[in-house]
Amino acid sequence: MSEPRLTNLKLYLLRLGFDAPPAPTLATLRQLQWRHTGVFPFENLATIAGAPVLIDLPSIEEKILVGGRGGYCYELNNLFFALLLELGFDARSISGRVVMNQPEGSWTARTHRLSLVTIDDVRYISDVGFGGMVPTAPLILDTEAEQATPHEPYRIEKQADGYMLQAKVAGEWRSMYLFDLQRQEDIDYTIGNWYVSTHPESPFAQRLMVARTGDGWRKTLNNGSFAIHRMGASSERREVAQVDELIDLLAREFGLHLHDLPHVRHSLARVIAPVSV
């Protein structure tokens, strides 16, 4: 079965700063991943608003490339995977279990999508959809050495059940997600996305999460708590207590305009209610 093709390739490349399709090299992959995390924000506004999250490629293109929105892993990494194939990369989709902020040894649901890319017989993981801790560079799979990125250092530990991605935050190695190389089909992602977007115990149904990267910084929004994390410096934090202020912040800091979510005001009021009471 052939993979779906992008219908907005030229627009996609222009958003990423390319006026023509680049060659499928490691240098290109580095540029693509770095730029993607800065241009297309991670966000779950749809799940907060109770709107369906469609993860077929045409729907994702319409939402992100045409509609000016962001998305989460089932959207961003699906779109990015299609781009990699279009450019001639040797890539396939895999999945993982998010353990960030979970007790040591936690075995969580398989709810994260990412890509495995092979270049000159070297295997890399590439991920543009992991929220506030998304790696901003591809990472070599078959080494446990510390790997530099434009942001935090990362490493990949080989484990009995696959691989553990870790990031060094404030001098401490923290586990992000456990993944393996098992082949995934669309139905696997459909089931994961259904759980993530609709289950009442899913974090994506409970709180607003928005993130974006830039040169030397990460911006994050968790419900009404906005932060700018600067590499090698203290983070700047502030609470947002009013819906209009939050909508303005989403547009100004993350480039998100919410005209396609008519009920979003009520949803945003709900997630910042503890602050505004």
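**View 1. Helix H5 (residues 73–86) lies across strands S2 (90–98), S3 (110–119) and S4 (122–126) of the predicted model.** H5 runs at about 20 degrees to S3. Helices (H or I, at least four residues) and strands (E, at least two) are DSSP runs numbered from the N terminus. Angles run from 0 to 180 degrees between N-to-C directions, and axes are lines fitted to C-alpha atoms, for helices over the stretch in contact. Contact means heavy atoms within 4.5 Å. The model is predicted, and local features need pLDDT of at least 70, while side-chain atom pairs count only at pLDDT 80 or more; totals for chains, interfaces and linings use all residues. Residues are numbered from 1 along each chain as its sequence is written, and side-chain values use heavy atoms, without hydrogens and water.

**View 2. Seven strands form an open sheet in the order S5-S4-S3-S2-S8-S7-S6, with antiparallel pairing.** S5 (139–140) and S6 (154–159) are at the edges with a single partner strand each, so one side of each has no neighbour in the sheet. S6 pairs with S7 (residues 162–169) over six bridges; two strands pair if DSSP finds at least two bridges between them. Ile156 is opposite Leu165 in S7.

**View 3. Helices H8 (residues 243–254) and H9 (residues 264–271) pack at about 105 degrees, with axes 9 Å apart.** H8 and H9 are therefore roughly perpendicular (65 to 115 degrees; under 35 is roughly parallel, over 145 roughly antiparallel, the rest oblique). H8 contributes Val243, Asp244, Leu246, Ile247 and Leu250 to the contact, and H9 contributes Arg265, Leu268 and Ala269.
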